[in-house]
Amino acid sequence: MDARTQRSLVWLVLLPVAMFGFGFALVPLYDVFCRVTGLNGKVNTSPLAMPVSAKVDLSRSINIQFVTQNNANMPWTFQPLSTDMEIHPGADSRAVFRVENVTDHPMSAQAIPSISPAEAAQYFHKIQCFCFNQQHLAARESLDMPVIFYVDPELPDYIHTITLGYTLFDVTKLAARAN
C-alpha cells in the first residue's frame, strides 16, 4: 500500500470517529447552553433563595399561566389547581399542582419544566418545586405539589405573560434501579 492510500485510509477511519464524538458531545453542550441562556424555555432545576435585596415592583403585573401534559407512557392525571395568576415582579408566589396515580400499582414520576417565552426563563426563579425531586405515589394515591417562585423585577417590560409548563414522565424503572 502506498503512502497516499494509507493517508486516505487513516482519514476515512478518523473522520467518522470524530463526527461521532462531536455528535455525542453536542447534546450535553446544547443542554448547558440552553440552561445558561434560557433558550428553548430551559430553566434551572435546583432551588434558589429569594434575594435579600429583592424589591417588589407594584407598578406592574405579570400573568403567569400554568400548563401540564403527560408523556405518552404516563397514565397519571396531572393538572394545576389554578390555570393562571397575576403576580408582581419580585414577589414570591405559590402555585399548586395535583397528581394522581390512577393505576393499581405504585409508580414514580419526574416533572420537567419549561418556560415560555424562552427569554423569560432567565427571570423566572423557583425557590421550591416538586420538579426538583421524583414523586413516588402508591396505587390510587394523589398529591398536591407546590411550586414557590418569583419573577425578577428586571424582566423586560414588553413581557406581560409567562407560561410555566410541566411534562410528567414515568420514571418507575429508573427509580427502582436507584434503590
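**Sheet, salt bridges and nonpolar core of the predicted model**

At 38% relative accessibility, D144 counts as partly exposed, a class that lies between buried (under 20% relative accessible area) and exposed (over 50%), as computed with a 1.4 Å probe on protein chains only. The structure is a predicted model, in which local features need pLDDT of at least 70 and side-chain atom pairs count only at pLDDT 80 or more, while totals for chains, interfaces and linings use all residues. Residues are numbered from 1 along each chain as its sequence is written, and side-chain values use heavy atoms, with hydrogens and water left out.

D144 takes part in a salt bridge with R98, in which the closest N and O atoms are 2.6 Å apart; a salt bridge is defined as a side-chain nitrogen of Lys or Arg within 4 Å of a carboxyl oxygen of Asp or Glu. Because R98 lies in strand β4 (residues 93-100) and D144 in strand β8, this pair ties together parts that are 46 residues apart in sequence. Helices (H or I, at least four residues) and strands (E, at least two) are DSSP runs, numbered from the N terminus. R98 is likewise classed as partly exposed, at 33% relative accessibility.

By the rule stated above, the count comes to 3 salt bridges. Another of them joins the side chains of D157 and R60, with an N to O distance of 2.7 Å. D157 lies in the loop between β8 (142-151) and β9, and R60 in the loop between α1 (3-37) and β1, so parts that are 97 residues apart in sequence are tied together. D157 is exposed, with a relative accessible area of 60%, whereas R60 is buried at 13%. A further salt bridge links R140 and D104 at 3.0 Å, N to O. Since R140 lies in the loop between β7 and β8 and D104 in the loop between β4 and β5, the pair connects parts that are 36 residues apart in sequence. R140 is partly exposed at 49%, and D104 is exposed at 64%.

An open sheet is formed by 5 strands in the order β3-β1-β9-β5-β7, with mixed pairing; two strands are taken to pair if DSSP finds at least two bridges between them. Strands β3 (84-87) and β7 (135-137) stand at the edges, each with a single partner strand, so one side of each is left without a neighbour in the sheet. Strand β1 (residues 62-70) runs parallel to β9 (residues 161-170) and is joined to it by 8 bridges, with Q69 opposite T167. Strands β5 and β9 run antiparallel and are also joined by 8 bridges; here S116 stands opposite T163. The antiparallel pairing of β5 with β7 extends over 3 bridges, and A109 faces Q135 in β7. Strand β5 (residues 107-116) is largely enclosed by the rest of the structure, because 7 of its 10 residues are buried.

The largest nonpolar core contains 33 residues, of which I64, F97, F130, V147, I162 and Y166 touch the most other members. Such a core is a set of buried Ala, Val, Leu, Ile, Met, Phe, Trp, Tyr and Cys residues joined through side-chain atoms within 4.5 Å. Two or more residues each are contributed by β1, β4, β5, β6 (124-129), β8 and β9. Contacts of I64 (heavy atoms within 4.5 Å) include T83, M85, F149 and I162, when residues up to four places away in sequence are not counted.
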